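Here is a short briefing on one protein chain. Topics follow in turn, from strand pairing to charged side chains.

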Amino acid sequence: MNHDFYENIKVDGSTLTLSGIGKPCPTKENPEYFSRALIEHVVINNTVTTITQNLFSNYMLLKTLNLSNVERIEKYAIYNTNLKMLYIPKSVIEIDEFAFGNNKELETIEFEETEKEIKINNYAFSNCPKLSS
């Protein structure tokens, strides 16, 4: 069965927590309707498998992002934030183009060790000037 929704979206101060199954669909309950100006921390429940296009774009105060068991990060999903460090868990199998683009403060990306190959599309980390190879 394919579940395309979030069961629960909780905002506690500056922390947004998502839970549910599968991939979110656009509804008024999605995080895009919360004030991006207030969110500093995002926690994603381990049943959410996809971060959809533009879901966390322009969250300018975003400091931490827990990707838990996310498998796919769609284009522009976490675009133009102020993240400084990013941890990619071994559950991630694909990162679309521009998924983390324009994160000008991003300095470090740590990938959890895995046997499988992660498909990282062109420009996934474009315009991240503080990243070094």
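In strand β5, Leu 65 is the bridge partner of Val 42. This is a predicted model: local features need pLDDT of at least 70, side-chain atom pairs count only at pLDDT 80 or more, and totals for chains, interfaces and linings use all residues. Residues are numbered from 1 along each chain as its sequence is written, and side-chain values use heavy atoms, with hydrogens and water left out.

**Strand pairing**

- Strand β3 covers residues 41-44, and strand β5 covers residues 64-66.
- The two strands, β3 and β5, run parallel and pair over three bridges; pairing requires that DSSP finds at least two bridges between two strands.
- Side chains alternate along β3. Val 42 and Ile 44 point to one face and are buried (buried means under 20% relative accessible area, exposed over 50%, partly exposed in between, with a 1.4 Å probe and protein chains only).

**Whole chain**

- The protein chain has zero helices and ten strands. Both are DSSP runs, numbered from the N terminus: helices are H or I with at least four residues, strands are E with at least two.
- Of the 133 residues in the protein chain, 39% are buried.
- The protein chain exposes about 7,400 Å², and carbon and sulfur atoms supply 47% of that area. Accessible areas come from the Shrake-Rupley method with a 1.4 Å probe; for residues, only the protein chains shown count as cover.
- Take the contacts with a separation of 6 or more: 39% of them join residues 24 or more positions apart. A contact means heavy atoms within 4.5 Å.

- Side chains of opposite charge can pair when their charged atoms come close.
- The count of salt bridges comes to six; the rule asks for a side-chain nitrogen of Lys or Arg within 4 Å of a carboxyl oxygen of Asp or Glu.
- Arg 72 itself is partly exposed, at 29% relative accessible area.
- Arg 72 and Glu 74 form a salt bridge, with the closest N and O atoms 3.2 Å apart. Glu 74 counts as buried because its relative accessibility is 10%.
- Arg 72 also bridges to Glu 94, with closest N and O atoms 3.4 Å apart. This pair links distant parts of the chain: Arg 72 is in strand β6 (residues 72-73) and Glu 94 in strand β8 (residues 94-95), 22 residues apart. Glu 94 is buried, at 18% relative accessibility.
- For Arg 72 and Asp 96, the closest N and O atoms of the salt bridge are 2.7 Å apart. Here too the pair links distant parts of the chain, 24 residues apart, with Asp 96 in the loop between β8 and β9. Asp 96 is buried, at 5% relative accessibility.

**Ser 91**

- Ser 91 sits in the loop between β7 and β8. Its relative accessibility is 14%, so Ser 91 counts as buried.
- A polar atom of the Ser 91 side chain lies 2.7 Å from the backbone oxygen of Val 70.
- Leaving out residues up to four places away in sequence, Ser 91 touches Ser 68, Asn 69, Val 70, Glu 71 and Lys 116.

Key: Polar contact = N/O pair within 3.5 Å; in protein donor to acceptor, adjacent residues only side chain to side chain.
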